[in-house]
Amino acid sequence: VGFDVTVDDAGEAYGGDFGNIYGILRGDSSKKPVLFCAHLDTVSPGENIQPIIKENMVCTDGSTILGADDKCGIAAILEAVESIVENGSPHGDIEVLFTIGEEIGMLGSKHFDTSMIKSKMAFVMDSSGKVGEVIVKAPTQCTMNITINGKSAHAGVAPEKGISAIQVAAEAICNMKLLRIDSETTANIGTICGGKVTNIVCDKVVLKAESRSLKEDKLFTQVNHMEECIKQACLKYNANYTFDKTIEYPPFEISPDSEIIRLLQAAMDRIGLNIKLRPSGGGFDANILNGKGIQAVVLACGMFNAHTSEEYLILDDLYKAAELVREIILIS
């Protein structure tokens, strides 16, 4: 449809085989440029998807995901731009960014050179829910890789000579505040790996964990609490540990009085939508874009039950999402 297109080498940074797709469709320079973003990757099981249309809904046979997350975001953006081009509607510069590796930690947007972007605000088409819903607040996330080192021994002959890393881990986890901490904070132990056979006292356990919060100080408080539980259990049983933590992405919060919300409100008014601002407990490319100085919100596209084989898409919402993208472009 006339975009100047660039594919970067972001995938090489984490072993991928493709890059982010960036495109710009040049327009009236007196108008403000606007950026739309969606991600190319899906979760599993995503092979051999057979979409089934049932009246106003698209789903699958239940053996795979649908992939509406985030193919519907891409579809809405492209349909809106094609409509504008076909009708010769005046517009400013339209920028699109289709990212890779979003589902595994926004890796594409993390490795994208945002200096080529002209827009000061972005609309990320990547949320479940009815069109009109806008995510204006999302958390920061810390991932933790924890290794507990005990001491092996024969479990039947001399178990007292061993230090069970499993026992240490169990006590530490039992002492942790986990899952829903408060209205803004969560924490989870995601995987536990350790032990080989029943007759050897386990000498090593590896835990993978995460915590998220809309407030950075609460996140650090929770992570420090989890490490303290590991530390105290290790001291009790004379084990040792390593605790590696990584901040995966920053939080963001957009004011209801900001320019991007005023623009959205105007666009929705024109097509009869009611705007609904809400927070999310998940992370998005919008977290990365906001962290890099581009104000970004996340828009719902009409998909539901994402990341499951019960995922489905409401067609009327998809059409409305494309209409919303079109109106945002026209009034920018």
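Where is the place of Pro45? Pro45 sits in the loop between strand 3 (34-39) and strand 4 (52-54), where helices (H or I, at least four residues) and strands (E, at least two) are DSSP runs numbered from the N terminus. The structure is a predicted model, in which local features need pLDDT of at least 70 and side-chain atom pairs count only at pLDDT 80 or more, while totals for chains, interfaces and linings use all residues. Residues are numbered from 1 along each chain as its sequence is written, and side-chain values use heavy atoms, with hydrogens and water left out.

The peptide bond leading from Ser44 into Pro45 is cis, with omega near -5°. The loop between strand 3 and strand 4 also holds Asn48, which has a positive phi of about 55° although it is not a glycine. Asn48 is exposed, its relative accessible area being 66%; buried means under 20% relative accessible area, exposed over 50%, and partly exposed in between (1.4 Å probe, protein chains only). A positive phi, of about 70°, is found at His307, again not a glycine. His307 belongs to the loop between strand 16 (295-304) and strand 17 (312-314) and is partly exposed, at 44% relative accessibility.

A cis peptide bond also joins Asp69 and Asp70, with omega about 15°, and Asp70 lies in helix 1. Helix 1 (residues 68-87) packs with helix 7 (residues 315-331) at an angle of about 55°, the axes being 8 Å apart. Axes here are lines fitted to C-alpha atoms, for helices over the stretch in contact, and angles run from 0 to 180 degrees between N-to-C directions. Angles under 35 degrees count as roughly parallel, over 145 as roughly antiparallel, 65 to 115 as roughly perpendicular and the rest as oblique; helix 1 and helix 7 are therefore oblique to each other. The residues making this contact (heavy atoms within 4.5 Å) include Cys72, Ala75 and Ile84 of helix 1 and Leu318, Ala322 and Ile329 of helix 7. By class, the contact of helix 1 with helix 7 has 13 nonpolar, two polar and two charged residues; Ala, Val, Leu, Ile, Met, Phe, Trp, Tyr, Cys and Pro count as nonpolar, Asp, Glu, Lys and Arg as charged, and the others, Gly among them, as polar.

Attention now turns to a residue in a strand. Ser127, in strand 7 (residues 121-128), is buried, with a relative accessible area of 4%. Not counting residues up to four places away in sequence, Ser127 touches several residues, among them Ile135, Arg278 and Val298.
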